[in-house]
Amino acid sequence: MAPPLNGRFFRAFTLIGWRWISRNPAVAIAPVLLPFMFLYFLRLITPASYFPGEVVGAMLFVSQNVGNWVLGDSATWRIQLALQDMFVASPLGKVGYLAGIAFSNLMAAMPALVVLAVVLAIIYPVSLVGWLILIGTILVLWLLFSAIGITISSRIKSRREIWPVGNFAFTALGMLSPLYYPLSTLPPALQVVAHFLPGTYAALLAKGGMGLITLGQGDLLLDGFLLIASAIIGILLSLQFYRWRVT
Amino acid sequence: MKSSFLTRWKGLGAFAATETRVQFHEYLSIASSILVQVIFIFFMWLLAPRSLLPFALVGSTVFSAFVIGERILDEAAYIRIDHKLNELYHASPMSPESYFLGMGLGVLAAYMPPMVFLVGMANWVHPFTVSAALVLLGALIGVWAFAASLGYALSTLFKDMRAIWPYATLIFNLFGVLPPVFYPLYIFPAALQPVALVMPPSAAAALVMHTLNLLSLSTGEVVLAALSIIVETLAIFLFTVYWARRFSRER
């Protein structure tokens, strides 16, 4: 009999994401807290006109940071709970496993994204096209960084490595991309570095699409193309380097 | 016969040394322990007037001492939940308070280098006077003792490692980032400033900033901040010693 691979595993992984929140209410708050901490601090030290851009940056940071939680889940399931062997033995496949973990963590990030979207809607009039561009950008970042997270997780040997590796890979990279601040505020050398990070194109696309920064249509298309191209390359590389079967 | 006070701290040195060695293996954790601080300094350097940079640097040293509590929370829970080693430690002649304080000292020793780096940066940007350096030292010891006690006491409440991260993030960031630790007290709403001065991390930051002439506090505010650190730290430290003894018996 053929194995039931008709996408039902998404429901199971969604339930896992929801259960994590419902059993630990702080889980729903903590992801909001980190971007909100940065927002709060930036609100104190920067002009008020920067705030809408900082909220958009916080939303992109949350999406990117899902990769950190994917890393944590995947490594914990493999190292501590020895669950990955069971997934490998199941008909799920590694792409399904990646999609499932990414989806369950998107559920956990959803409260943060919704709160930030409400804040954005209150402080800045976003057009329908602006929302669509923002949602698209969030989805691309989520997929890309989830893939990176799960790939890194497959190389982690001890539970103790999860937190620092995740922090370096996602929080540090998140800060080097101009998510919370305009790209132009970076010194020229750091602007060059930022252009190697997909988060930069996500920030330019989302903020440009909403009119928070001035970009021509050609620039927007180019940023969109570069974001999608870097995501495709990143996902393909991740699938290549991800260790699914450990023999 | 040895006094009961000395017996009470049996094994402290050995366990602190063990914990220091264990922690030094976690060099990535040690390096990443100042990530948030570096981000705030980066934001301040990039986006704010340069006059605010010393505040962020002083705040980052105080915050580094405070988040040691989060590491202790994680470490104590890890030893107990994942390794189930605490039962072995508690069955040994080492006293429960030595276990708690030894862990705190070990983690402090291992996480000292990044903190020293931040102190060096703060001193470079805004040179310390001898009195400011002494106040900073006292403040860091107070904040560390407070955070270590809080972290250990909280660690005993968890049964699942996965639940620790969100709660620890909430507690240590709410008390360490939202109050004026990285930024001057005068930016904080006036009505809430006394509240900030009774919270050890922001009280310590305000005292150090005041001694460095970055901030002007009234005598009453200085007394409030200093007393808050001393009284709250002593109270939570004594409670944690009591709790460590009680918790070890219940295991």
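Select helices α9 and α10 of chain A: their crossing is left-handed. This is a predicted model. In chain A, α9 covers residues 198-209 and α10 covers residues 217-241. The two helices pack at an angle of about 145 degrees, and their axes lie 9 Å apart.

To display the contact from the α9(A) side, pick A:P198, A:Y201, A:A202, A:L204, A:L205, A:G208 and A:G209. On α10(A), the partners include A:D219, A:L220, A:D223, A:G224 and A:L226. Further along α10(A), A:L227, A:S230, A:A231 and A:G234 also belong to the contact. Coloured by residue class, the contact of α9(A) with α10(A) shows 9 nonpolar, 5 polar and 2 charged residues.

Now show the whole of chain A. Its secondary structure comes to 10 helices and 0 strands. The C-alpha atoms occupy a box of roughly 55 × 35 × 35 Å along the principal axes. The radius of gyration of chain A is 18 Å, close to the 18 Å given by the globule rule for 247 residues, so chain A is as compact as a globular protein of that length. Of those 247 residues, 44% count as buried. Among contacts in chain A with a separation of 6 or more, 80% join residues 24 or more positions apart.

Next, bring in chain B and select the contact between the chains. Chain A contributes 27 residues and chain B contributes 27 residues. On the chain A side, α2 (25-45) and α7 (159-176) each supply at least two residues. The chain A residues that touch chain B divide into 18 nonpolar, 6 polar and 3 charged.

The C-alpha trace of chain B spans about 55 × 35 × 30 Å along its principal axes. Buried residues make up 50% of the 251 residues in chain B. Residues 24 or more positions apart provide 84% of the chain B contacts with a separation of 6 or more.

Beyond its neighbours within four places in sequence, B:V208 is in contact with B:V58, B:V62, B:A132, B:V135, B:L136 and B:A139.

Then go to B:S149, in helix α9 (residues 130-155) of chain B. Its C-beta has 27 neighbours inside 10 Å; the threshold for a buried residue is 20 or more, so B:S149 counts as buried. Apart from neighbours within four places in sequence, B:S149 is in contact with B:I236, B:F237 and B:T240. For a distance label, pick the C-alpha atoms of B:S149 and B:N86: they are separated by 17 Å, and the residues are 63 apart along the chain.

The last stop is B:N213, in the loop between α12 (200-211) and α13 (219-250) of chain B. Its phi is positive, about 65 degrees, although B:N213 is not a glycine. Is B:N213 buried or exposed? With 10 C-beta neighbours inside 10 Å, B:N213 counts as exposed, since the cut-off for that class is 12 or fewer.

Note on methods
Residues numbered from 1 in each chain as written. Chains lettered and ligands numbered in written order. Predicted model: local features only at pLDDT ≥ 70, side-chain atom pairs only at ≥ 80, totals over all residues. Axes fitted to C-alpha atoms, helices over the stretch in contact; angles between N-to-C directions. Helix = DSSP H or I, 4+ residues; strand = E, 2+ residues; numbered from the N terminus. Left-handed = near helix turned anticlockwise from the far one by under 90°. Contact = placed C-beta atoms within 7 Å. Nonpolar A, V, L, I, M, F, W, Y, C, P; charged D, E, K, R; others polar. Rg over C-alpha atoms; globule rule 2.2 N^0.38 Å.
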